[in-house]
Amino acid sequence: MGKKDASSVKLPVDQHRKQIGKQDYKKTKPALRATRLKAEAKRSAPGIRDILLIIVAVLLFLLGVYAFFYLNLSTELDLDVDMD
């Protein structure tokens, strides 16, 4: 007797999902297609964070190369001054 009562009562989550499904059918096909394409574009687009990380990595690399050449040239200049 308890099993019959338990099976007839639906969970609120299931009812909510069913309502969402009914509302989704009310949309036209072009609207659904546009929504799907927009979601796919958002997933596949590189984020701002990724772009910033790439820019910072390139700048750090250039800074390292600049520092390397600066230190090498500055030590050569110091040696020339000491020899005079």
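Helices (H or I, at least four residues) and strands (E, at least two) are DSSP runs, numbered from the N terminus. Colour by secondary structure: the protein has 4 helices and 0 strands, in the order α-α-α-α along the sequence. Residue numbers start from 1 along each chain as its sequence is written. This is a predicted model, where local features need pLDDT of at least 70, side-chain atom pairs count only at pLDDT 80 or more and totals for chains, interfaces and linings use all residues, while side-chain values use heavy atoms, with hydrogens and water left out.

Of the 84 residues, 0% count as buried (buried is under 20% relative accessible area, exposed over 50%, partly exposed in between; 1.4 Å probe, protein chains only).

Now go to helix α4, residues 48-83, and select Tyr66 and Tyr70, which sit 4 residues apart, about one turn of the helix. Are they buried or exposed? Tyr66 is exposed at 56% relative accessibility, and Tyr70 is exposed at 51%.

Show the rings. How many aromatic pairs does the structure hold? There are 2 (ring centres of Phe, Tyr or Trp, its six-membered ring, within 6.5 Å; planes under 30 degrees apart are stacked, over 60 edge-to-face, the rest tilted). Tyr66 and Tyr70 have centres 6.3 Å apart and planes at 15 degrees, so they are stacked. Phe68 and Phe69, with centres 5.5 Å apart and planes at 70 degrees, are therefore edge-to-face.
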